[in-house]
Amino acid sequence: MADHDSSLELRIDTRVVRQLGAELITDPEQALLELVKNSYDADADRCRVQIDTSAKEYFAAGKRIEAPPVATDDVSNNGASEAPTALTGRITIEDDGPGITLEEIKARWLLISGSEKRPDSGMAKSSTKKGRTPLGDKGIGRLGTMRLGDCVQFVSRPKGSTKEASGVEFQWSEFDAAKTLNEVPVREVSASLTKGFSTRVMIEGLEDANHWKAADQSELQARISRLISPFSKEHPLRVSISIDGQELELQRLKQDLDLYSTGRHSFSLKRVIEKEKPRDTLELTTEITADFFGEKWSADNESNFFSRFTKRYPKFGLARVADDATQKRWIYRIVRNVDCREIKDYQSDNYPGDFSGSIYSLNFRMLPSADDVTQSSDQQVGATPPTGSLKSLFQKLAGVSIYRDGFGVRIDPDWLDMSANVTSGGSWYGLRRTNTVGHIDITSQGNASLVEKSDREGFVDTAPWRQFLLLAKKLRDEINDIYEALRRGFNDSRKQKIESAEKAPTPEGAIRDLSIQAKFGQDVRSTLQSQQAVLEKAAELFSNAKGISAKEAQSFRDQTRTALKAIQGFRRQENVGSVDASVELLREEIQALRSQVRTAYDFIAAGMAAETLAHEVHPLLDRASELILKSQRSVQKSGLTQVSNDLQGARSYVRLVGKQVSILNPMLKIYRETKDTVKLSEFLKEYETYVERRMRDENIALAVNVAKPFTVHIPRGRLMQIVDNLVRNSEYWLQVPAAQSTVKAPAITIEVSKPTISVFDNGIGVKTEIEDRIFGMFVSDKPKDTGRGLGLFITREILLRYGCDVSLSETRNAHGRRYRFEIDLASVTQ
């Protein structure tokens, strides 16, 4: 190795540091958060942030000066030759941590990207003396200060010391004048600190002082709440923030959400070890208020709804919070415990770590105004922003945030995909980002496998992160399922109540009622218009009648009475209540249908694509087979045996594809409604051949047992849809981790015994909470990204069209769950 030449050295251009800071920290809030995190990592108990947007400090020749120089020829700027610079705005971050010495500041804080908190490769982070796992490890806090302002000062002293703090100071603007990093001037400084604090970071000359100002302080509170969790009851680091002398409320948001949300969902992920194997469970508790059901809710509705719902869906788990549900804010509670092994694609080896949190649903139309809250502040416990409104604050915080040890992790606002049907009104359809506020709490120690990106904008795409995302979306789907069931149940109970009083309403009937009422309104307007002149004339004569005119006045008085009687007759026929009920019914039906139609369009498009494929693919496959055969003959003449064998294999696959597609032919529109005489034994043998390769690839055995064969008269394509939907449903649930870990030989069985076909598997069975609703539209325990909850619904609708039906047998398996689907084909049996 050559001798070291001390005259040669690597140097760093100052622009590299500026660019690095700009890429790692994207905005002022994130820069401020990194500095507060440093206080947490230093084991501080208190951190005080003060932002003064109008403070001024003057510099000349890189030195602070006490006041602006007097503009006279005698003043020489305290010996400086250049004009002074005024830096406007100041941010100070003080904490009561142990403090560090000047030597430690020089050795560690001035080392760009240096961090004693960064562990050696493959090693876990060491805990602090107070047991905290450091949040920072990249040494980027000081780089982030460039997002805040120009002059950066860092001073510290040992905790408990009364001496002045010592430290360093530099200006980012001086990086532009220097070529390399070692040319940037760094000054040694000392300063007096506030009593009780040991370390201070001060940034002067704010990049954008107006960024920290807002007429509606809910804007500032929302931005700060993204940084520091407003949901934690107690935080190991007490943070206070003031802007221009006004303190911001940071940790009362949970109380406001408890007061004004319509639904509250508390959840956690926990791991326990059973028989040396991990068992991971998602626990969800949902609580519902009367406001969730809207303005039509009443004490009478509650009794009717609860009795009907629990009778129809006894396994759903709906329970009253108190005996008198009308006297409590939270009236209903639903508890769900989800075994993570029942979630397809879940991998316990990539467990993301325990977490917990809450999600709140809001109806912004029911939120009080700022004036309302102010007037009732003596009775309410929550705290609204000093200015602005709760609605404004909640809208700015919309979505589900992630906090690590109480500090926000920047992430896409809609990372849970809740904006599919965005609404901020009172819709009951499920969670939407715009009417949802929530948080998930993780820790550095318990969730170390969830790694934040270098720029602090989300998480690195690792296997544990993907599992975390899978579980979070499962929570979303569970909540949406609860909402959908409650909404439908309440609508049904209202309809049934109306039916008991009068004939059952329908959307068509509601429209007809509206038409009749509209015609009636036109008649009323016409009558009133024709009588108006009479009434006006009568009023004139009544006031002026004298002498002979008095007789004429009497005549007009009689006509006036006639007109009034006509008006009164119309009013007696008017039924405003029925109009309101009709409009309300139409509104609810349209809301429900709107989301369903959007999903139906997806399936219509898929069906049309499949229909086109099945119709056009055969000629293409035939042509491909011909070309392969021609090529095979050519290479055989050339003696290329291996190539010939490969081409023969390709021809086999082409024939296989043709065979698979041919199964779709009976499902085409042209054949779908043509009834066929189908021998079930032959049909199911053909179906076995159709799915043979698929089953082999999935390592699932398919058994067809024909005990009592029979023949049915039904469109062959429809029967194929029915059987295949049920078989595919079994295939899915045999592949979830819970089934794979308990079932050694996964199998699906189709039994034929006149007039019934039974389809079942040896997996875990149907989830208890949905067994009573399994054939409902959009009811599914599959992730929404995987299933739409329409397969079983469509299966039943097809069967009902031909007078048949499908049911879930009451028989339970070893897991205590129902698992057999029974297809009753009696009405089409020959």
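In which helix does Asp-258 lie? Asp-258 is part of helix α7, residues 253-260; helices (H or I, at least four residues) and strands (E, at least two) are DSSP runs, numbered from the N terminus. This is a predicted model, in which local features need pLDDT of at least 70 and side-chain atom pairs count only at pLDDT 80 or more, while totals for chains, interfaces and linings use all residues. Residues are numbered from 1 along each chain as its sequence is written, and side-chain values use heavy atoms, with hydrogens and water left out.

**View 1. Surroundings of Asp-258.** Asp-258 has 17% relative accessibility and therefore counts as buried (under 20% relative accessible area; exposed is over 50%, partly exposed in between; 1.4 Å probe, protein chains only). Its side chain is joined to that of Arg-264 by a polar contact of 3.0 Å. A polar contact is a pair of N or O atoms within 3.5 Å; within protein, one must be able to donate a hydrogen and the other to accept it, and residues adjacent in sequence count only if both atoms are side-chain atoms. Leaving aside residues up to four places away in sequence, Asp-258 touches Arg-264, Arg-329, Trp-330 and Tyr-360 (heavy atoms within 4.5 Å).

**View 2. Aromatic pairs at Phe-305.** The structure holds 31 aromatic pairs. The ring centres of Trp-297 and Phe-305 are 6.1 Å apart and the planes meet at 75°, so this pair is edge-to-face. Phe-305 also pairs with Phe-309, in a tilted arrangement with 5.4 Å centre to centre and 40° between the planes. Rings of Phe, Tyr and Trp (its six-membered ring) pair if their centres lie within 6.5 Å; planes under 30 degrees apart count as stacked, over 60 as edge-to-face and the rest as tilted. Phe-305 and Phe-309 are four residues apart in helix α8 (residues 299-312), and so about one helical turn separates them. Phe-305 is buried at 0% relative accessibility, and Phe-309 is buried at 3%. One aromatic cluster includes Phe-305, Phe-309, Tyr-332 and Phe-490.

**View 3. Arginine over tyrosine.** The charged end of Arg-132 sits over the ring of Tyr-40, 4.8 Å from its centre. For Arg-271 and the ring of Tyr-351, the distance is 4.0 Å. The criterion is NZ of Lys or CZ of Arg within 6 Å of the ring centre and within 35 degrees of the ring normal.
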